[in-house]
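Trainee: I have a new model open and would like to learn how to read it. Could you walk me through a few features?

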Amino acid sequence: MLNSRELRIILLLQEHDLSGEELATLLTTSRRTIVRDIARINALLTDEKIGSIESIKKYHLLILNTANFNQLLTRFNNESNLVLFYLLVRPNITLAELMERTFLSRQNILNSVEKINRQFQNILKISLRPRIGTTVKIKHISKIDVLAALIIDNHALITSQLKQLDFNLNTTNSAEIVRSALPERLFDYLTETQFNAQILACSLVAEQPFEKTVTTLLSEFLDHGIATNLAAVLAEFFNAKMTLLNSLTIRQVHAAIEATKTQYTLDSLNHNFTEEIFNHLCRSSMFPTFVPASLSEQIRYLKIQNPFAFDFAFDLARKLQMDFDAVQIDADYIALYVLHAVETPAARDVRTVMYATRQSVANINKMIITEQVPNMNIEMVFSKEQLATRLEYTDYDLIIGNGLHPNDLRLPVHFDSTFNGVINQDELDKLKNLSSESYIQENLANFFPKSHFVYLDEPYHHANQILQAGLNVFQEQGLLTTDETDALVAREAAGNQLILNHVSIPHASARIVDAYEVFAIAFNHDVKIGDRQIYLMLVVLANQNRPDSGQVFGYIYTKLKNLNTLQLKNLNSYQSLINELTQN
């Protein structure tokens, strides 16, 4: 079976092709280890008739049987979920007992523990304790909360396991008694399925020793014939839920949002947003939910496209967590609410001139293009003289030609796109990409002049030292203010770094004249942020008064996402970097 590192290799290659050196860097291991891992993975993929990992310039994951591939991933996830299940229902359990219960090898259990700790690092921590056993420590919430979520997400697996243990799955009677004793308000934020999963989780945990406290709920449960241990667990769990829900107030949520907003230009976060966050916290207090690992790549892409929304969500989640310590608060979920609440700004009009030889066909093309690319503002010209005049007096973002090869015009004009007849889908897709990138590409040299590049010879080995040293150089030259430097350093120190393909992108909003100011800090040292190797820093200041302040990050993403390690290391001069960022 795959170990944890080998599974991560497969998941990484699902996203895009990577070289052996890139995989070694991402997984903090040696190139030789990656070669061995790839060989083992290939043997398994071949045996199970799934596909293979091909190697040309980079490793490429070829899936021939999607159903078998999904079964392989499900099998690995099931192993981890089974290990987590027994850690939750037993206060302490040895590796030998886990092996006996799960029928997994010692190594597979250790792989599962490593995977669980990585996936749920903000929620729980599994520890291997000599002579005591393997234990799990939960942050913010309770063991029952995590167990209930596990039951819902893996109902068939858990049910099958409980049947093997001869556990009585019929909790209907207990559920009816508990529901009748609880305030109806709880069920505004708790579904029937979630409630039943909590009852089952309480039943499983009832076997564990704990201190019993006399409460009204406990007395009522005992009076209705629920067994003492289970009644005590149910009473303690749901008393905590009632207390927690009653402690949440929309006034506190509003205060946290207003305090966080002082550092951001997000006026559109109105009362509706406050209500959405309050309701989300109420639902999370009743039944904590976790962002699925399957969404991690989509979340990462959204963060790259909307870094300031995610920065705000990160700061807000941290503030809310301080105010409501017993609620599991996930910054990624908060970010999704922010993205929903912030009105998407209209894309800046892309000024386009289209030279055409036939007016009737040109009109059809203009209609098609403006329907498919709504932010493209097209002016049409039908003669060489008209085109020359327009170009003399107007600065266009794009120049496109319809019906004639550009060379036939004998003008010193660069056409961004040319096509004959009625435009096809491939050309439309090309225009969409050009329209979204043209503004940044045309102006990047203004945002990122040569003076904004520095190469550090001194061997710093910490990312924060490199950032501070580079910013000090720019500040001494009068290119950055003290406030801008402090804002950039504070954002990175908060721990919410934006990293794209081994490039760190410190960023902040500021009062600047242009839409953006971009600075580069290059170095030739071994530097990591967390477990990610960093080869370059691109510092971005965005004009805080512009509604489309995230546009440049999407542009940088398209330019850097597929660069390999060697290409990134070669971005050690202003010219090499500007060439990479402006090439088509």
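Trainee: Which share of the contacts with a separation of 6 or more joins residues 24 or more positions apart?

Mentor: A contact means heavy atoms within 4.5 Å. In this predicted model, 69% of the contacts with a separation of 6 or more are between residues 24 or more positions apart. As for the ground rules, local features need pLDDT of at least 70, side-chain atom pairs count only at pLDDT 80 or more, and totals for chains, interfaces and linings use all residues. Residues are numbered from 1 along each chain as its sequence is written, and side-chain values use heavy atoms, with hydrogens and water left out.

Trainee: How many helices and strands does the protein have?

Mentor: Helices (H or I, at least four residues) and strands (E, at least two) are DSSP runs, numbered from the N terminus. Here there are 25 helices and 14 strands.

Trainee: How do I read a pair of packed helices?

Mentor: Two packed helices are described by the angle between their axes and the distance between the axes. Axes are lines fitted to C-alpha atoms, for helices over the stretch in contact, and angles run from 0 to 180 degrees between N-to-C directions. Take H10 (residues 192-205) and H12 (residues 228-247): their axes are 9 Å apart, at an angle of about 135°. H10 and H12 are therefore oblique to each other (under 35 degrees is roughly parallel, over 145 roughly antiparallel, 65 to 115 roughly perpendicular, the rest oblique).

Trainee: Which residues of H10 and H12 meet?

Mentor: From H10 come Phe195, Gln198, Ile199, Cys202 and Ser203, and they meet Leu230, Val233, Leu234, Phe237, Phe238 and Lys241 in H12.

Trainee: Is asparagine 402 buried or exposed?

Mentor: Buried means under 20% relative accessible area, exposed over 50%, partly exposed in between (1.4 Å probe, protein chains only). Asparagine 402 has 3% relative accessibility, so this residue counts as buried. Asparagine 402 belongs to strand S7 (residues 398-402), and its side chain reaches the backbone oxygen of glycine 421 at 3.1 Å. Across the protein, 49% of the 584 residues are buried.

Key: Polar contact = N/O pair within 3.5 Å; in protein donor to acceptor, adjacent residues only side chain to side chain.
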